[in-house]
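Please read this report with the sequence and the structure side by side. It goes through selected residues and strand pairs in turn.

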Amino acid sequence: QVQLVESGGGLVQAGGSLRLSCAASGSLFSINAMAWYRQAPGKQRELVADITNIGSTMYSESVKGRFTISRDNAKNTVYLQMNSLKPQDTATYYCNANVKVSYYSIFRDYWGQGTQVTVSS
């Protein structure tokens, strides 16, 4: 019912930048918060940043000041601008959206398939 498609990952040198995008489609009666998570090999998935439907943001300490999350509600899309990338930012990045598919449904979380970000030193 809900699809999240990420794009924008890739290989970049330390100090470089990447911009991730995630477009939501399908039965989108209402979207609450949207977020980016990441998971490095052998580690648990962690929250990177999230943004509410009115634009309030939160960042993990490890990316604060370097990453910026934003969203375009008209396009049902969330972005993650990543600057001053470090090798420790290497991970698969996942988009998350808290979505209500109809008036009578409840909000539930949906996930994208992930996009790989690799930062070389």
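## A buried asparagine

Which residues does Asn96 touch, not counting residues up to four places away in sequence? The model examined here is predicted. In it, Asn96 touches Leu4, Ala33, Met34, Ala35 and Tyr37, and also Asp109, Tyr110 and Trp111.

Asn96 sits in strand E9, which covers residues 91-100. Its relative accessible area is 6%. The cut-off for buried is under 20%, so Asn96 counts as buried.

## The nonpolar core

The largest nonpolar core has 30 residues. Four of them touch the most other members: Trp36, Leu80, Met82 and Tyr93.

Strand E9 supplies the largest share, with five residues.

## Strand pairs and their hairpins

How many bridges join E4 to E5? There are five, and the two strands run antiparallel. Trp36 has Ala49 in E5 as its bridge partner. Trp36 is also one of the core residues that touch the most other members. The E4 and E5 hairpin has six residues between its strands. Within that hairpin, Gly42 takes a positive phi near 80°.

Strand E5 also pairs with strand E6, residues 57-59. Three bridges join E5 to E6, again in an antiparallel run. Here Asp50 stands opposite Met58 in E6. Five residues lie between the strands of this hairpin. Gly55 takes a positive phi there, near 95°.

## Salt bridges

Side chains of opposite charge can pair when their charged atoms come close. The structure holds four salt bridges. Arg38 forms one with Asp89, and the closest N and O atoms are 3.0 Å apart. Arg38 lies in strand E4, while Asp89 lies in the loop between E8 and E9, so this pair ties together parts that are 51 residues apart in sequence. Are Arg38 and Asp89 buried or exposed? Both are buried.

Asp89 has a salt bridge with Arg66 too, with the closest N and O atoms 2.8 Å apart. Arg66 is in the loop between E6 and E7 and Asp89 in the loop between E8 and E9, so the pair links parts 23 residues apart in sequence. Arg66 is buried, as is Asp89. Through shared partners, salt bridges join Arg38, Glu46, Arg66 and Asp89 into one network.

## A salt bridge with exposed and partly exposed partners

Lys64 and Glu61 also meet in a salt bridge through their side chains, at 2.7 Å from N to O. Why does Glu61 count as exposed? Its relative accessibility is 64%, and exposed means over 50%. Lys64 has 46% relative accessibility, so it counts as partly exposed.

## A nonpolar surface patch

Which residues form a nonpolar patch on the surface? They are Phe29, Tyr103 and Tyr104. Together they have about 460 Å² of accessible area.

Tyr104 is placed in the loop between E9 and strand E10 (108-111). Its relative accessibility is 75%, so Tyr104 counts as exposed.

Most residues other than glycine have a negative phi. Asn76 is not a glycine, yet its phi is positive, at about 50°. Asn76 lies in the loop between E7 and E8. At 25% relative accessibility, it counts as partly exposed.

Ser84 also has a positive phi, near 50°, and is a residue other than glycine. Where is Ser84 placed? Its place is in the loop between E8 and E9. Ser84 counts as partly exposed because its relative accessibility is 42%. The loop between E8 and E9 also holds Asp89.

Terms used. Residues are numbered from 1 along each chain as its sequence is written. This is a predicted model: local features need pLDDT of at least 70, side-chain atom pairs count only at pLDDT 80 or more; totals for chains, interfaces and linings use all residues. Side-chain values use heavy atoms; hydrogens and water are left out. Helices (H or I, at least four residues) and strands (E, at least two) are DSSP runs, numbered from the N terminus. Buried means under 20% relative accessible area, exposed over 50%, partly exposed in between (1.4 Å probe, protein chains only). Contact means heavy atoms within 4.5 Å. Patches are made of residues with over 30% relative accessible area and no salt bridge: like charges are joined within 9 Å, nonpolar side chains (Val, Leu, Ile, Met, Phe, Trp, Tyr) within 5 Å. Accessible areas come from the Shrake-Rupley method with a 1.4 Å probe; for residues, only the protein chains shown count as cover. A nonpolar core is a set of buried Ala, Val, Leu, Ile, Met, Phe, Trp, Tyr and Cys residues joined through side-chain atoms within 4.5 Å. Two strands pair if DSSP finds at least two bridges between them.
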